[in-house]
Amino acid sequence: MSEKSIIEQGLTSIGIEFGSTRIKTVMVDMNGKPLAQGSHTWENQYENGIWTYSLDMIWNGLADSYADLVKNVEKEYGASITKVQSIGFSAMMHGYMAFNAAGDLLVPFRTWRNTITEEAASKLTKEFGFNIPQRWSIAHLYQAILNGEDHVGDITFFTTLAGYIHWQLTGEKVLGIGDASGMFPIDSTTRDYNKDYLAKFDKLIEGKGFGWKLEDILPKVLVAGDAAGKLTAEGVKKLDRSGKLETGVLVCPPEGDAGTGMVATNSVAIRTGNVSAGTSIFAMVVMEKALNKVHEEIDVVTTPVGDDVAMVHCNNCTSDINAWAKLFKEYSEAMGFEVDMDKLYTTMFTSAMKGAPDCGGLMGFNYFSGEPVTGFEEGRPVFIRKPDADFSFANFMRLNLFSAVSTLKYGLDILFKEENVAVDKLYGHGGYFKTKDAGQRIMSAAIGEPVTVMATAGEGGAWGIALLALYAVNKNKSLAEFLQEDIFGGEEGESVMADKAEIDGMNAFMDSFKKAMPVERAAIEAF
């Protein structure tokens with residue numbers, strides 16, 4: 001069949017992912033091959049001390065991203081999208097969206113980026129004996145309770161961004177288990193919320209007079225392959241403003257960006273892992289057994305089928321690199337040169353490969369926002385150097401690439417060296433790995449293991465949720481088997497291993513990075 005016929009007969013699946021800077025829509029065929037995509041650019045807003053996106057931004061962004069897909073399909077194939085076999089929605093994990101009985105949002109959406117729940121996260125971690133990071137939904141809820149916020153008594157449902165979008169388009173208050181594991185701890189044996197922790201939380205808030213128990217206001221947990229509802233007429237209106245798309249499309253469980261990253265990199269099996277590096281950076285390893293003790297630097301979430309995953313999540317990664325790219329562009333234009341941004345980024349990354357293994361006496365922090373892994377509630381981008389440092393462009397760019405992964409390494413050292421968690425293959429994806437060899441080699445130096453990038457790594461989480469939508473139609477084997485056999489076909493990807501000098505240089509840099517942390521603290525306090 002021609003691709004036009006495939007599209008017109010609806011033998012396709014669609015995935016839409018709400019990233020921190022882009023809403024991306026991907027259409028795939030029955031084999032998971034991407035046929036077309038659409039996108040919409042957006043940015044979070046800092047309002048009244050909260051990082052947020054408005055409801056108008058969410059719905060306009062969704063419709064615009066889908067409309068861009070429709071336009072590109074018509075342009076490339078001369079086809080109209082009237083039906084698809086399945087669709088899925090994913091988004092940035094965690095955060096807090098709370099609603100009353102009328103379905104009204106009670107307070108503006110509080111995203112994962114907010115580091116305003118330290119008291120709640122600390123108390124819950126102690127109470128559960130399980131690490132609850134600041135960005136988790138339960139930490140936001142408990143902090144609102146500790147703050148005495150009026151809206152808490154009116155809550156009948158709270159969820160993540162992906163869960164909210166799914167609910168509005170299907171009427172179903174459900175969540176994929178991977179995304180749910182960033183709301184509240186999951187018991188991987190029952191594939192549901194941990195009953196002991198639910199009981200402990202309800203006991204904590206006894207006497208508050210709320211008309212709810214925690215389990216009553218959480219979304220129902222589903223695993224990959226489960227049917228999670230169908231697009232309603234109202235849902236289609238929100239998604240497709242042209243009104244051409246048929247109702248009744250099967251929708252897979254909504255997932256978080258961690259889960260879709262695992263799917264997109266074929267790393268849902270035990271002893272596989274991946275690093276997603278963009279605006280934020282996180283690494284995940286699917287574990288054979290539970291951690292020996294609680295580490296505040298390490299989260300435990302799950303794959304889309306509910307297996308335990310150790311996760312180190314850092315709020316900051318490429319934002320500072322992007323800021324310097326903007327400065328270099330402005331300088332070049334002031335000098336009368338036209339700038340190709342792809343060439344600029346490639347030059348920045350490849351130049352870093354020529355720098356000294358330890359960055360030659362340069363140091364920096366890429367903290368645009370707080371970084372709980374290293375104990376910072378706020379961030380200030382900082383660049384410092386010794387008077388006798390080798391201040392070259394190569395060393396400066398190497399510093400920026402090091403800075404982007406240094407906090408991740410801080411957490412991963414605990415996972416690999418203290419907990420002895422084993423990983424057979426670690427996959428990289430995201431903008432940090434776009435330039436051949438560069439990001440891969442530095443990440444390898446950070447973890448001391450090879451890093452593999454697949455040819456499909458650039459497809460990202462929107463492709464991952466499209467594959468989960470496809471899996472909901474074709475669930476005749478495990479998710480790991482489906483990906484390995486039906487999607488990736490045994491593709492191994494390209495692996496890069498840092499040499500000893502590069503690993504030693506990264507370790508020396510990290511020693512200086514830890515010693516320099518008081519500089520970042522002083523910058524926050526003084527500036």
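The structure is a predicted model, in which local features need pLDDT of at least 70 and side-chain atom pairs count only at pLDDT 80 or more, while totals for chains, interfaces and linings use all residues. Residues are numbered from 1 along each chain as its sequence is written, and side-chain values use heavy atoms, with hydrogens and water left out.

Pockets are treated first. Rolling a probe the size of a water molecule over the atoms shows where empty space is left. A pocket is here an open set of points, on a 1 Å grid over the protein atoms alone, where a 1.4 Å probe fits and protein lies on both sides within 12 Å along at least five of seven lines; lining residues have an atom within 4 Å of a point. Grid points are joined across faces, edges and corners, and a volume is the space filled by probe spheres set on the points. The largest pocket has a volume of about 1,400 Å³. Its lining is made up of 45 residues, and T21, A277, G278, T279 and G431 are those nearest the centre. Two or more lining residues come from each of β1 (13-18), β2 (22-28), α10 (257-264), β15 (272-277), α11 (319-334), α12 (341-352) and α15 (460-473); helices (H or I, at least four residues) and strands (E, at least two) are DSSP runs, numbered from the N terminus. The most is given by α12, with four residues. By class, 15 residues of this lining are nonpolar, 21 polar and nine charged, where Ala, Val, Leu, Ile, Met, Phe, Trp, Tyr, Cys and Pro count as nonpolar, Asp, Glu, Lys and Arg as charged, and the others, Gly among them, as polar.

The second largest pocket holds about 380 Å³ of space. It is lined by 22 residues, with P133, Q134, E296, P372 and V373 nearest its centre. Helix α3 (residues 118-128) supplies the largest share of this lining, four residues. The lining of the second largest pocket comprises seven nonpolar, nine polar and six charged residues.

Two of the elements that line the largest pocket, β15 and α10, were examined for burial (buried means under 20% relative accessible area, exposed over 50% and partly exposed in between, with a 1.4 Å probe and protein chains only). Six of the six residues of β15 are buried, so this strand is largely enclosed by the rest of the structure. Both of its faces are covered, with T272, N274 and S276 buried on one side and G273, V275 and A277 buried on the other. Strands pair if DSSP finds at least two bridges between them. Five bridges join β15 to β21 (residues 425-429) in a parallel arrangement, in which V275 stands opposite G428. Another five bridges join β15 to β16 (residues 281-286), and these two strands run antiparallel. A277 has I281 of β16 as its bridge partner, and a hairpin of three residues joins β15 to β16. Helix α10 is mostly covered, with seven of its eight residues buried, namely A258, G259, T260, G261, M262, V263 and A264. Just after α10, N266 takes a positive phi of about 55°.

A nonpolar core is a set of buried Ala, Val, Leu, Ile, Met, Phe, Trp, Tyr and Cys residues joined through side-chain atoms within 4.5 Å. The largest such core contains 134 residues, of which L141, F158, F201, L214 and Y432 touch the most other members. Helix α13 (residues 393-418) gives the most to this core, with twelve residues. Apart from it lies another core, of 42 residues, including I16, Y66, A91 and F99.

Individual residues differ in their surroundings. Y193, in strand β11 (residues 192-193), is buried, with a relative accessible area of 4%. Beyond neighbours within four places in sequence, Y193 is in contact (heavy atoms within 4.5 Å) with A180, F184, P185, I186, D187, L198, L218, P219 and V221. T111, in the loop between β7 (97-99) and α3, is buried at a relative accessible area of 1%. Leaving aside neighbours within four places in sequence, T111 is in contact with W51, T52, Y53, G95 and H140. Y46, in strand β4 (residues 45-47), is exposed, with a relative accessible area of 52%.
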